[in-house]
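Please look over the sequence and the three-dimensional view before turning to the points below.

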Amino acid sequence: MARQKSLPSAPEASGHLADKTLIIDNGAHTLKAGLATHLDDTPPNLDSCHIIPNVIARSQRDKRTYIGPEYSDCLDFGELAYRRPVEKGFIVHWEAEKAVWERSFLHKDDAVVKCDPEETSLILTEAPNAPVALQRNADEMVFEEFGFAGYYRTIAPTLNAYAPSPFPSTATSVSGVPLECLLIIDVGHSHTTVTPLHHGRPFQHAIKRLEIGGKTLTNQMKLLISRTFDVHREDHIVSEIKEDVCFVSQDFNADLERVWRGGRYDPRAVDASLLVDYVLPDYETIKRGYARPHDPAVKLRDIMLGIGTEGGRREHVLTIANERFVVPELLFSPADIGMRQAGLAGMVLQSIDALPAGFRQAYLANILVVGGTSKLPGFVQRLESELRSLVDVDEVVRVARAEEPAKNVWLGGAGMAKSADLMRSLIVTRQEYAEHGDGWARRVFAGKARR
Amino acid sequence: MATGALRFRTPHIDELPTTQSRQAPGFAWVAVAGGAQEDPSKNWGTTNRKRARVSLGGQTDQQREAVSAKQQREIERKLRDLNSDNAKDVVIDLPKKHGVGVGGVKAGKTTNTKKILASGKNFAHYLDDEEAEIARTGRRDGEAEAPPPPQRASKTPLARRKTREDSSISGSPAPSTMQTGPPLLPRGAQALPHLRANENDIENEDYDDTPTLPSDAEIEYLLSLPPLTYTQARAAPPPATGPAPRRFCETCGYWGRVKCSKCGTMTCSVACKDVHDLDKCMKMYT
C-alpha cells in the first residue's frame, strides 16, 4: 500500500549514497553526535563524537533560555528549570527536540557538528520497544522536516556490536562486521535495558527493561540529601554530586555498618574513611563543587561564614555518608524503594532464560556494559560477583565495560558508517521514502521488508 | 455496596506505575465497612486506632486490602516522582530563532510535521494510544499476521476453577501467548531428545551433557519475532521465594529496626525515632 509522500523539496535519484553520515545517539540526558564517512579508511575517532546536553533550560537568575549545547555556557546552574524532549528514552516532544537539533547541527555560526541534511545520511538510535506512533513521528520528522538524504533508525544496543570489542580474547572486528554474541546492558538516564544480540541483530523477545536509570538515582540522591539541606530543585548540582561521590559497594551490609552512628544507648564510632565533605558551588567564587575527605575538626558553621577557610571564602559544606553507596544500590535491588522489579543481575538472568539453552554460556561470557551511569566505580565488579553467585559454578561469566561507556554506541554507528556496502543495504533514501511511504520504511527498519 | 468480607479471592493485580495514572471513568469509591469499630455494643470508645484495630477482633479482609491498596498507591506515587523530569510545572517557551534555517519557525514544513510539532502529547498518551490500538485490532502496526489470540476469559467462577499458579510468580509479565511458540524452542535438555541422558551414558565418563547451539532455523525464527510492547518488556518481579524487601531508617539510612505505629515508616534507633516523630511522621496510615 504505497502512499506517495509529498516532500517539501524534490529528492535526488535513488541509489546514491551520501558521502557523509551523521550518527546521532539520541539519549534522554545527552545527544552523542558526530560525522563519519565511508570514503576513507581511518578508524572512527572518538574525538569526532560530541556530547550535547539534550535539554532546554531556563534560568530564573539570568533570565536566559539555554538550548542544547548552550547549556555548558551557563554560568549559574542554581535553580534551573528543565525541559527534556526525550521521555522514558523516546523522543516525545519534537518541538523541543527540533530546537536542540537545529541549534546543534544547523546553526549558521555556532553549530557543534555542521552538516547539510540534504547531503547527509542519518543514523538515529532509539530505545527498544518503542510505541509505533513515536517511530512514525521520528521518521516523518527526519525526512519531511529536516530532509536528510538517507536514514536508518535502529535500537541503540545493536550499534554496540559494531564497536571494537572490550574483551581481550575476542579479536577486533573488521569495520562493518558485527560481533557474534553480545549481551548489552545499557545503563542509561531513563532506564536500564538488557539486549542479547546475535551478529548485531537483537532477540526481541528477550529484551528486558528496568525502570531505574541515572535520573532515578539523581532524584533519590536529592531526597536523601534533602534530609539535611533542601536540594530538590538543584538538578545539575545533585547530578554532579552523584558523579563525584557515589560508588557501588561490594559488600553493602558491611559498608552500612561502618557508617552508622549507633543508637542512643549504643553509640558507635563512624568509619571516617567513607565520609566525604562536599563543597557546594556558589557560582561566585566556587564555580564547581568538589569533594574532600571528611575532616571532623572543622566546624561547619564557621566555614559558612568564612572563618578558617583558605582566603576567607565562604563554603557551604555537606557531609555525605551512606548516600554514597545506598543510592547506586538501587540498581541492584529496586525493592529498596518499593519497586517490584528484579535487580540488574536478576534481569540479566531473566533475559538469558528466554534464550535457547545452548546460548546460555555464550551470552553469560560476553556481557558488555555501556551507558553513562555505568561509570560508577565498582559497578562492573559488583555485577560480576552477583551474577556469579546466581549461576552454576562451572559457567563462565565475563562482564566488561566499554572504554567510553557513553560514546560506545556512537562508535559502533561510526564503524557501521565506514562500510559503504553495509550502509547501502540499510539506508532508506529520501526517494524511496517518497515512493513507498512510512509504513514500508518502518518495516524495512524492523527487518521485515526486503528492498 | 460492600456488605461483609469478600467471598472470592481477588486476582493479584499489579498496577504498573506509568507516567501518570489518572482516576479514569469506571472508577468508583467503595465504602469499606468499619468492622467492629462501628458496633456500639463492642466499641469501648478508645481513640487509639491501633488498639481499636487489635482488640476489636482484628481487621476484616476488606479493610486490610483497603489499607494495603492505599500504601501501594503511595509507593507508586513516590516511584513516579522519582522517575519524573521536573517538567510538570515548568513552561519554557522556545525563543524565536534567527538565522537558523528556511521553513516555518514553529510550524512544520508538511502537514504531518505540523501536527507532530503542535501536538502536546506526552509519553503516557502514546502508551495509552498503543494499548487501545492493540485492543482494537489485536495486532501492532506492520505485523503480517496477528499474534495468536489470548486465552478467552474463562466463565467458570473462581471458586470452581482448578488451581493454577499464581500469576505473579510465573515470571514474565508478558501474556502467556508469548511463551507458546513452535515446539522447536528448546527449554533445557529436556527438549532435545538426543541429549536426554540414558543410563549407559551417565555411567560413561566421557558423557557431555552441555546443550548444543540451536540450529540456524531456530535462530532465524527467534530473531524475526516482533518486538514486545513497552509494558511487556518490563523486567519481572523477583521470585517470591527470594529475600523480603529491605527497609531502611528514614532519618539516617541504616537498617530499619522499628516501625512507627502511626505511619508505618521504619527507623533504626531511639534517636532517629525521636527525630521522625517530631518532624516527619505522616500519621497517615490507619
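**Overview**

Along its sequence, chain B runs in the order α-α-α-α-α-α-α-β-β-α. This amounts to eight helices and two strands. Chain A, in turn, contains 16 helices and 22 strands. The model is a predicted one.

**Chain A as a whole**

- Taken along the principal axes, the box filled by the C-alpha atoms of chain A is roughly 80 × 60 × 40 Å.
- Buried residues account for 64% of the 451 residues of chain A.
- The accessible surface of chain A is about 17400 Å², and carbon and sulfur atoms hold 50% of it.
- Where contacts in chain A link residues at least 6 apart in sequence, 65% of them join residues at least 24 apart.
- Chain A carries 53 positive and 61 negative side chains, and a distance of 3 Å separates the centres of the two sets.

**Chain B as a whole**

- Of the 286 residues in chain B, 24% are buried.
- For contacts in chain B between residues at least 6 apart in sequence, the share that joins residues at least 24 apart is 45%.

**Helix α4 of chain A and its cover**

- Helix α4 of chain A spans residues 214-225, twelve residues in total.
- From first C-alpha to last, helix α4 of chain A reaches 16 Å, close to the 16 Å expected at 1.5 Å a residue.
- Because eleven of its twelve residues are buried, α4(A) is largely enclosed by the rest of the structure.
- The buried residues of α4(A) include Gly214(A), Lys215(A), Asn219(A), Met221(A) and Ile225(A).
- From chain A, the cover over these buried residues includes α5 (235-245), β19 (316-320), α8 (323-326) and α9 (329-332).
- Chain B also takes part in the cover of α4(A), through α2 (61-82).

**Two positions in chain B**

- Ser84(B) sits in the loop between α2 and α3 (111-118) of chain B.
- With a relative accessible area of 19%, under the 20% cut-off, Ser84(B) counts as buried.
- Neighbours within four places in sequence aside, Ser84(B) is in contact with Lys215(A) and Asn219(A); both of these are among the buried residues of α4(A).
- Pro40(B) belongs to the segment before α1 (49-55) of chain B.
- Pro40(B) counts as exposed, at 70% relative accessibility.
- Pro40(B) and Ile134(B) are 94 residues apart along the chain, and their C-alpha atoms are separated by 53 Å.

**Positive phi angles in chain A**

- Asn129(A) is not a glycine, yet its phi is positive, at about 60°.
- The place of Asn129(A) is in the loop between β9 (120-126) and α2 (132-146) of chain A.
- Asn129(A) is buried, with 4% relative accessible area.
- Tyr283(A), although not a glycine, has a positive phi of about 60°.
- Tyr283(A) is located in the loop between β17 (276-280) and β18 (290-293) of chain A.
- The relative accessible area of Tyr283(A) is 10%, and this residue is buried.

Note on methods: Residues are numbered from 1 along each chain as its sequence is written. Chains are lettered from A and ligands numbered from 1 in the order in which they are written. Side-chain values use heavy atoms; hydrogens and water are left out. Helices (H or I, at least four residues) and strands (E, at least two) are DSSP runs, numbered from the N terminus. Buried means under 20% relative accessible area, exposed over 50%, partly exposed in between (1.4 Å probe, protein chains only). Contact means heavy atoms within 4.5 Å. Accessible areas come from the Shrake-Rupley method with a 1.4 Å probe; for residues, only the protein chains shown count as cover. Lys and Arg count as positive and Asp and Glu as negative; His and the chain ends are not counted. The place of a charge is taken as NZ of Lys, CZ of Arg, CG of Asp or CD of Glu. The expected span of a helix is 1.5 Å times one less than its number of residues.
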